[in-house]
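Please look through the sequence and the model shown here before reading on. The report after them is meant for someone meeting this structure for the first time.

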Amino acid sequence: IDEVRQHRCADPNLTWGFVPTMGYLHAGHLSLVQLSLAGNEKTAVSIYVNPTQFAPTEDLSAYPRNLAGDLAMLEAAGVDLVFTPGDAIMYPPGFQTTVSLSQVTQPLEGSSRPTHFAGVATVVAKLFNIVQPTRAYFGQKDAQQTIVLRQMVRDLNFNLEMVIGPTGREPDGLALSSRNALLSAENRAAAPVVYRALSAAKAAYDAGERSGEALRQIMREVITAVPQARIDYVSAADPRTLQELDVVAEGVLLSTAVFFGKTRLIDNILIEATEGKEQKENKEKNLGSSGFRGV
C-alpha cells in the first residue's frame, strides 16, 4: 500500500485512471484499461480475488487465476502500476470495518447473494482510498455493481469520476466473463441463451411492449427452452432504484442470472430513458465530479 501511494503521489498533478479487477483478464477488462489509458496520464490496475464478496457456498477456490498471464497482458498494454495484494494486506488481523448500502443492494444479486455487496463495497472503498484515482472504470455487465458503487461514491464523497464501459461479448453474444472458463463444452454451447433472452425482451420493448411482467416472461420462456439453463432471476427494473417495474415509463434495466451446472452467469441490457438535450445537460451538471459518466 505504501508503494502504491508513493507512485500515486510522485506527481500529484497527474490524472490517474484505475481499473479494479479480480484477475483472469479478458478482452472486456482490457477494453476498460484502454479507456483509462486514453483518458488519463497514468493507469493503475488492481488484481485481487476478494474473499468477502463470496458466500461460503460459492466458488472462491474455483475462481480462475493466472497472475503471470495477467501481468504480461497489462505490461503489453502499457499500464503504469499493478497492485496485487494478498488477504493479509487487505484484511489484516483485527480488521473490523465494512461498508454496507441499505437499498440498492437488496434486489437482484442482493437477493441471491445477500453478503455480496458488502464485500464489494468494502474492498472497492479500500482500493479507492489506496489508489486515489481521478477516474475509476467498471463494466456494464455488472450493472447492479455499478449502481451500488455510484451510490457509495456519492454517499461517501469520493473525489473521483465513475466511468462505465460497455459489455464485451463473444461473437455468439455471450458476455465476456472470467467464469466462462468454468463452463463445460455443453454448457458453453448453451450459454448464449442468456443474451438471446435479453435481446428478445429488448426487441419486444422496441416493438412497443411496456409491461414489465411481459418482458420478464419473454426472458423466462427463451431461457427455459434450453435444458442446461436454470434461472436464478429475471428482471425488468428501474435503472436507478432496481425496483421491479409493472409498467416501463422511463427506461428499464433488463437483467438475468442463470446457472449452467455450478457456474452462474449474469448479463443485462440497459434501455435508457429518452430525454431532451436540456434535461440531460442539467442532470450531468448536477452529478458533479463524483457522478456517473456513461461511455
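Predicted model: local features only at pLDDT ≥ 70, side-chain atom pairs only at ≥ 80, totals over all residues.

Residues are numbered from 1 along each chain as its sequence is written, and side-chain values use heavy atoms, with hydrogens and water left out.

**Salt bridges**

Side chains of opposite charge can pair when their charged atoms come close. A salt bridge is taken here as a side-chain nitrogen of Lys or Arg within 4 Å of a carboxyl oxygen of Asp or Glu, and by this rule the count comes to 13 salt bridges. Three of them are set out in the table.

| Salt bridge | N to O distance |
|---|---|
| Glu 109 and Arg 113 | 3.9 Å |
| Glu 109 and Arg 264 | 2.8 Å |
| Arg 135 and Glu 161 | 3.1 Å |

Glu 109 and Arg 264, which meet in a salt bridge, link distant parts of the chain, since Glu 109 belongs to helix H5 (residues 109-112) and Arg 264 to strand E8 (residues 263-271), 155 residues apart. Helices (H or I, at least four residues) and strands (E, at least two) are DSSP runs, numbered from the N terminus.

Are these side chains buried or exposed? Buried means under 20% relative accessible area, exposed over 50%, and partly exposed in between, with a 1.4 Å probe and protein chains only. Glu 109 is buried, with a relative accessible area of 5%, and Arg 264 is buried as well, at 14%. Arg 113, the other partner of Glu 109 in the table, is also buried.

The salt bridge of Arg 135 with Glu 161 ties together parts that are 26 residues apart in sequence, because Arg 135 lies in strand E4 (residues 135-139) and Glu 161 in strand E5 (residues 161-165). Both Arg 135 and Glu 161 are buried. Elsewhere, salt bridges that share partners join Glu 58, Glu 109, Arg 113, Asp 232 and Arg 264 into one network.

**The sheet**

An open sheet of three strands has the order E6-E7-E8, with antiparallel pairing, where two strands pair if DSSP finds at least two bridges between them. Strand E6 (229-237) and E8 stand at the edges with a single partner strand each, so one side of each is left without a neighbour in the sheet. Eight bridges join E6 to strand E7 (residues 252-260), and Ile 231 has Val 258 in E7 as its bridge partner.

**Two helices in contact**

The axes of helix H1 (residues 2-9) and helix H6 (residues 116-131) come within 8 Å and cross at roughly 50°. These axes are lines fitted to C-alpha atoms, for helices over the stretch in contact, and angles run from 0 to 180 degrees between N-to-C directions. In the contact (heavy atoms within 4.5 Å), Val 4, Arg 5 and Arg 8 in H1 meet Asn 129, Ile 130 and Val 131 in H6.

**Thr 263**

Thr 263 lies in strand E8 and is buried, with a relative accessible area of 8%. Leaving aside residues up to four places away in sequence, Thr 263 touches Arg 179, Leu 182, Leu 183 and Val 258. Thr 263 and Phe 158, by comparison, are 105 residues apart in sequence and 34 Å apart in space, C-alpha to C-alpha.
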